[in-house]
Amino acid sequence: MGFRGIQVEGDSLTVIKKLQSRIADKSILHSIISDINNKRGCFDAITFSYVGRRGNEAAHALARIGLHNTGSVKCRRQWRKLCVET
C-alpha cells in the first residue's frame, strides 16, 4: 500500500515553475530539480502548486520546531493550531 498520486505545494515560485516545466533546468537548482523529477515515476499522478508562505504555514512551523527540538513533534488535525512539542 502506498500513495499513487500526490499534490506537492510549495512557497518557492521559482522551484514550482521549474518542476512544472519540461525544459531541462540548467540553474544552480539543477541537482535538486533533477532529484525530484527522478521520483516522478514512483507515482501515477503528481502535481506541483505554488501556495505562497501563508499557504505553507504548517511546513514552516515544523521547520522552526525542528531547528531547536531534539524530541518528538505531534501535529494536530487543525493546522491553524499547527504543532506542539511533546
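**View 1. The order of secondary-structure elements along the chain.** The model is predicted, so local features need pLDDT of at least 70 and side-chain atom pairs count only at pLDDT 80 or more, whereas totals for chains, interfaces and linings use all residues. Residues are numbered from 1 along each chain as its sequence is written, and side-chain values use heavy atoms, with hydrogens and water left out. Of the 86 residues of the protein, 19% count as buried, a class that means under 20% relative accessible area, with exposed meaning over 50% and partly exposed lying in between (1.4 Å probe, protein chains only). The protein exposes about 7,000 Å², of which carbon and sulfur atoms supply 55%; accessible areas come from the Shrake-Rupley method with a 1.4 Å probe, and for residues only the protein chains shown count as cover.

View 2. Ile16 belongs to helix H1 (residues 13-20) and, at 4% relative accessibility, counts as buried. When neighbours within four places in sequence are left aside, Ile16 is in contact (heavy atoms within 4.5 Å) with Gly10, Phe48, Ser49 and Tyr50. Ile16 and Val51 are separated by 35 residues in sequence, and their C-alpha atoms are 9.6 Å apart in space. For the protein as a whole, among contacts between residues at least 6 apart in sequence, 48% join residues at least 24 apart.

**View 3. Arg40, a buried charge without a salt bridge.** Arg40 lies in the loop between helix H2 (30-38) and strand E2 (45-50). Arg40 is buried yet has no salt bridge, and the nearest side chain of opposite charge, that of Asp25, is 12 Å away; here Lys and Arg count as positive and Asp and Glu as negative, while His and the chain ends are not counted. Apart from neighbours within four places in sequence, the contacts of Arg40 are Leu19, Gln20, Arg22, Ile46 and Phe48.

**View 4. The salt bridges.** A salt bridge is a side-chain nitrogen of Lys or Arg within 4 Å of a carboxyl oxygen of Asp or Glu, and by this rule the count comes to 2 salt bridges. In one of them Asp44 pairs with Arg4, the closest N and O atoms being 2.7 Å apart. This pair links distant parts of the chain, with Asp44 in the loop between H2 and E2 and Arg4 in the segment before strand E1 (5-10), 40 residues apart. Asp44 is exposed, with a relative accessible area of 57%, and Arg4 is exposed as well, at 59%. Asp25 forms a salt bridge with Lys18, with the closest N and O atoms 2.8 Å apart; Asp25 counts as buried at 13% relative accessibility, whereas Lys18, at 22%, counts as partly exposed.

**View 5. The two faces of helix H3.** Helix H3 (residues 57-68) has 12 residues and reaches 17 Å from its first C-alpha to its last, close to the 16 Å expected at 1.5 Å a residue, the expected span being 1.5 Å times one less than the number of residues. Within H3, Ala58, Ala61 and Ile65 are buried. They lie on the same side of H3 because they cover an arc of only 65° around the axis, the arc being that of the directions from the helix axis to the C-beta atoms. The face of H3 turned away from this buried side carries the exposed residues Arg64 and Leu67.

Terms used. Helix = DSSP H or I, 4+ residues; strand = E, 2+ residues; numbered from the N terminus.
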